[in-house]
Amino acid sequence: MNNKQKGMRGKNVQATNKKNLLIYAHYYYPDAASTGQLLQELAEGMLDAFNITVICVVPSYLGTIEDKYKTQKFYHEELNGVKIVRIRVPEFDKTKGFSRVKNILSYFFGAMRATLKVGKMDYVFSISQPPILGWLLGVWGKWVKRAKYMNAA
């Protein structure tokens, strides 16, 4: 046992030098969207190096939302070691543009509010989904959290 693992009075304390990583993802597991599935694998694969928080929508890829996600603005969950803040968004019809825009904007503004509630972050990662708004969220998170920003275009 090294000195970093020894706590006060010689008690074993797990050393943690992990940085905090915030990920913006419109969709995250268990949503059917491929980006949600890939980001789950990515996030869980980085848990040895980072404490990870994901800000995403409630499961809604097909346009409908389960009743359990219709009562609050934010839902805090943990899945396989990843902290998740899910944002309630309106149901939508994929064939109607205005319906989708309303859904996307609800996520965008909800994610901005959720950013204020997630605590200290060292890094912010976003994907460009939804287009342009994903990047704007990343820049917002970088500024608000005074963190380093990474983007996947």
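Contact, as used in this report, means heavy atoms within 4.5 Å. Helices (H or I, at least four residues) and strands (E, at least two) are DSSP runs, numbered from the N terminus.

The structure is a predicted model, in which local features need pLDDT of at least 70 and side-chain atom pairs count only at pLDDT 80 or more, while totals for chains, interfaces and linings use all residues. Residues are numbered from 1 along each chain as its sequence is written, and side-chain values use heavy atoms, with hydrogens and water left out.

**The chain as a whole**

The protein chain contains three helices and six strands, arranged from the N terminus on as β-α-β-β-β-α-β-α-β. It has 153 residues, of which 39% count as buried; buried means under 20% relative accessible area, exposed over 50%, and partly exposed in between (1.4 Å probe, protein chains only). Among contacts between residues at least 6 apart in sequence, 67% join residues at least 24 apart.

The table gives the spans of two helices from first C-alpha to last; the expected span is 1.5 Å times one less than the number of residues.

| Helix | Residues | Span | Expected span |
|---|---|---|---|
| Helix 2 | 19 residues | 27 Å | 27 Å |
| Helix 3 | 13 residues | 18 Å | 18 Å |

The axes of helix 2 and helix 3 come within 10 Å and cross at roughly 10°, where axes are lines fitted to C-alpha atoms, for helices over the stretch in contact, and angles run from 0 to 180 degrees between N-to-C directions. Helix 2 is therefore roughly parallel to helix 3, a term for angles under 35 degrees. Residues of helix 2 that meet helix 3 include Ile 104, Tyr 107, Phe 108 and Ala 111; on the side of helix 3, the residues met include Leu 133, Leu 137, Trp 140 and Gly 141.

**Buried residues and their cover**

In helix 3, the buried residues are Leu 133, Gly 134, Leu 137, Gly 138, Gly 141 and Lys 145. Seen down the helix axis, they fall within an arc of 145°, so they line one face of helix 3; the arc is that of the directions from the helix axis to the C-beta atoms. Their cover includes strand 1 (19–24), helix 2 (97–115), strand 5 (123–127) and strand 6 (148–152). After helix 3 comes Arg 146, with a positive phi near 50°.

In helix 2, the buried residues include Ser 99, Asn 103, Tyr 107 and Phe 108. Among the elements covering the buried residues of helix 2 are strand 2 (50–57), strand 3 (74–79) and helix 3.

Terms used: Angles under 35 degrees count as roughly parallel, over 145 as roughly antiparallel, 65 to 115 as roughly perpendicular and the rest as oblique.
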